[in-house]
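Dear colleague,

I am passing on the structure below, together with some notes that go through it step by step. Please keep it open beside you while you read, and look up each residue as it is mentioned.

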Amino acid sequence: MTTTPVAKTEQAEQAEQAGRTAASLAWARRRHSVARFWKAYRSRRAGLYGLAALTLIALVALAAPWLVGADVQSVTNAPGSALERPSGEFPLGTDQFGRSLLGLLLWGARISLTVGLLAAALSVAIGTLVGIIAGHYGGWFSTVLMRITDWFLVMPTLVLAIVLATVMSRSVWTVIVAIGVTSWPTTARLVRAQTIAVESRPYIERAKALGGGHGHIMNRHVLPNVMPLVLAQTTLGISSAILTEATLAFLGLGDPTVVSWGGMLQDAREAGAVSSGHWWYLAPPGIAIAVVALAFTLCGRAIESVLNPKLGVAR
């Protein structure tokens, strides 16, 4: 039986319409899932407080060039004298070069948040990749990956990061890599356990029986099911990454050409702020680091409680 051109056109239109319908249904399900997640998240007051604090800090960091300008980092054009107390002109005082600590604090938020976000993303990406591969393939290959993971897990993360930051060139990217490649083992073990649980479900067996390969199984079935865990782990990892970046900068292993909260603490230590009683030099960056770390932790705990209500995380 010969198919006429008109029939072929109608079949193509029907196939195209079916594709659009399937795509619209998929997007509708995603929007429903996001709306349901946000409704549950809003009931966590601590998570809302953390999200509000992070939103405010992120907006201030993005607007720093317009709020204080790039000249705030200049040592030669500092507007004040060294180590002035907080005043109307300088609400948080000045540093050892006469620069406004408020301006440095706002500008340093850009580097600290950027390092925290990128380092946590790198760490979670490595951990997710290792965890899914180890959980999917199993056998001796999984055993080798887990022994490597255990080695990184028992080694102090800060010590490994210090070693990497010491042997590599001093830059922001060095700090990001040093934190990212040393803090992934916890994510890897969590994702591996979740992968094993997902692959024990019946629909995975059906996908294999229908000819689904390793890549199809991991990308289309395992990864979507472990993404909620990955998201929660990312928000919790950002606070740790920011604290690690501040520690590296405080130890003099950060990028000396940029302003960060940890670098401000390092400058305060070198200026003798601790022994001289210049509390206004130490308090602002220290409080900022604590507030951001707490905010990310609150958001991470709230996301965990939404995605896994069995955790029983307090509201």
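In which helix is Gln233 found? Gln233 is found in helix α10, which covers residues 214-250, where a helix is a DSSP run of H or I with at least four residues, a strand is a run of E with at least two, and both are numbered from the N terminus.

Before going further, please note that this is a predicted model, in which local features need pLDDT of at least 70 and side-chain atom pairs count only at pLDDT 80 or more, while totals for chains, interfaces and linings use all residues. Residues are numbered from 1 along each chain as its sequence is written, and side-chain values use heavy atoms, with hydrogens and water left out.

The whole chain

The protein chain has 13 helices and zero strands, and from the N terminus on its elements run α-α-α-α-α-α-α-α-α-α-α-α-α. Its radius of gyration is 25 Å, well over the 20 Å that the globule rule gives for 315 residues, so the protein chain is more spread out than a compact globule; this radius is taken over C-alpha atoms, and the rule is 2.2 Å times the number of residues to the power 0.38. Taken along the principal axes, the C-alpha atoms fill a box of roughly 90 × 50 × 40 Å.

Of the 315 residues, 39% count as buried, a word that stands for under 20% relative accessible area, with exposed being over 50% and partly exposed in between (1.4 Å probe, protein chains only). The accessible surface of the protein chain comes to about 17200 Å², and 65% of that belongs to carbon and sulfur atoms; such areas come from the Shrake-Rupley method with a 1.4 Å probe, and for residues only the protein chains shown count as cover. Among the contacts in the protein chain with a separation of 6 or more, 70% are accounted for by residues 24 or more positions apart, a contact being heavy atoms within 4.5 Å.

Helices α4 and α13

Two packed helices are described by the angle between their axes and the distance between the axes. Helix α4 (residues 101-137) and helix α13 (residues 279-307) pack at an angle of about 35°, with their axes 11 Å apart; the axes are lines fitted to C-alpha atoms, for helices over the stretch in contact, and angles run from 0 to 180 degrees between N-to-C directions. On the side of α4, the contact is made by Leu101, Leu105, Leu113 and Leu117, and on the side of α13 by Trp280, Tyr281, Pro284, Pro285, Ala288, Val292 and Phe296. By class, this contact has eleven nonpolar, no polar and no charged residues, where Ala, Val, Leu, Ile, Met, Phe, Trp, Tyr, Cys and Pro count as nonpolar, Asp, Glu, Lys and Arg as charged, and the others, Gly among them, as polar.

Individual residues

Leu102 lies in helix α4 and counts as partly exposed at 31% relative accessibility; not counting residues up to four places away in sequence, Leu102 touches Pro91 and Leu92.

Leu83 has its place in the loop between α3 (64-67) and α4, and its phi is near 55°, a positive value in a residue other than glycine. At 22% relative accessibility, Leu83 counts as partly exposed.
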